[in-house]
Amino acid sequence: MENSLLEATAFGVIPVVEVDGVAEADALAESLLEAGLGVVEVTFRTHAAAEVIARIVERYPDMIVGAGTVIDQRDLHRAAEAGARFALAPGLSPRMLDLAAEAGFAYVPGAMTPSDLQAGIERGIRTFKFFPAMPAGGIPFLRAISAPFALHGLRFIPTGGVSVTNLGEWLREPAVAAVGGTWIASRAMIRSGDWAGIRRNAGEALRMAREVRDPAG
Ligand SMILES: O=C(O)C(=O)C[C@H](O)[C@H](O)COP(=O)(O)O
């Protein structure tokens with residue numbers, strides 16, 4: 001379970017996407033992979049999400065596909081059936097944590113308060129989405145709420161207002177496993193078929209992440 005999360009966060013950056021139809025799945029996956037970015041979070045914010053996940057999983061085995069905005073049992077099952085390797089949510093629901101644990105499915109809840117972190121820790125969660133990262137107060141806020149839990153080895157995936165302008169700062173935080181965001185492949189870019197723009201954004205994000213993570217590499 002934790003392995004899929006380690007793989008997913010290894011790139012340092014996770015594109016969060018909203019895809020309206022399965023017809024866009026191939027070009028999207030290819031654009032990201034051509035830029036070297038082998039991970040994507042397909043959110044259940046469109047009706048096509050499960051189909052898009054299944055398509056990418058089937059056609060692009062090199063892509064680690066996660067499911068985003070998984071906030072109920074039905075979507076958790078659909079994500080797992082479609083072949084997603086992990087799921088994330090904007091918030092924390094103890095019931096969803098239990099359902100995911102029963103299913104043996106890697107699940108990353110969102111956390112924004114010390115109570116969220118405690119509720120997750122209680123159920124064995126160590127990786128949290130930190131959402132909405134920038135509006136909530138950015139790095140100083142993350143440091144402040146995570147400080148009391150220093151002995152628990154928590155890792156965070158900040159999303160919400162993260163972009164090329166602040167990605168480097170986030171990734172320099174030792175507790176940040178990866179950043180996530182829609183800026184790499186926005187809904188508008190996917191809709192208009194701006195695959196060159198997506199390739200460019202993905203390549204730029206990956207380069208910046210590597211500079212921080214592995215300056216010698
Ligand atoms: O749907 C989820 O599972 C979420 O947690 C929310 C998304 O990650 C953010 O909406 C991304 O925010 P932006 O990059 O600022 O557009």
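In what order do the three strands of the open sheet stand, and is their pairing parallel or antiparallel? The order is β6-β7-β8, and the pairing is parallel. Strands (E, at least two residues) and helices (H or I, at least four) are DSSP runs numbered from the N terminus, and two strands pair if DSSP finds at least two bridges between them. Because β6 (110–111) and β8 (155–158) are edge strands with a single partner strand each, one side of each is left without a neighbour in the sheet. Two bridges join β6 in the parallel sense to β7 (residues 127–130), where Phe130 is the bridge partner of Ala111.

The model is predicted; local features need pLDDT of at least 70 and side-chain atom pairs count only at pLDDT 80 or more, whereas totals for chains, interfaces and linings use all residues. Residue numbers start from 1 along each chain as its sequence is written.

Strands β1 and β2 also pair in the parallel sense, over two bridges, with Val16 opposite Glu41 of β2. A residue is termed buried if 20 or more other C-beta atoms lie within 10 Å of its own, exposed if 12 or fewer, and partly exposed in between, with C-beta atoms placed from the backbone. Five of the five residues of β2 are buried, so this strand is largely enclosed by the rest of the structure. Val39, Glu41 and Thr43 point one way from β2, and Val40 and Val42 point the other way.

In helix α2 (residues 25–34), the buried residues are Ala25, Leu28, Ala29, Ser31 and Leu32. They span an arc of only 160 degrees around the axis, taken from the directions from the helix axis to the C-beta atoms, which puts them on the same side of α2. Their packing partners are β1 (13–17), β2 (39–43), α3 (49–59), α10 (187–192) and α11 (195–213), contact being defined by C-beta atoms, placed from the backbone, within 7 Å. Gly36, which follows α2, has a positive phi near 95 degrees. The buried residues of α3, among them Ile53 and Arg55, pack against α2, β2, β3 (64–68) and α4 (73–82).

Leaving aside neighbours within four places in sequence, Val179 contacts residues including Val13, Ile157, Trp170 and Leu171.

Methods. Two residues are in contact if their C-beta atoms, placed from the backbone, lie within 7 Å.
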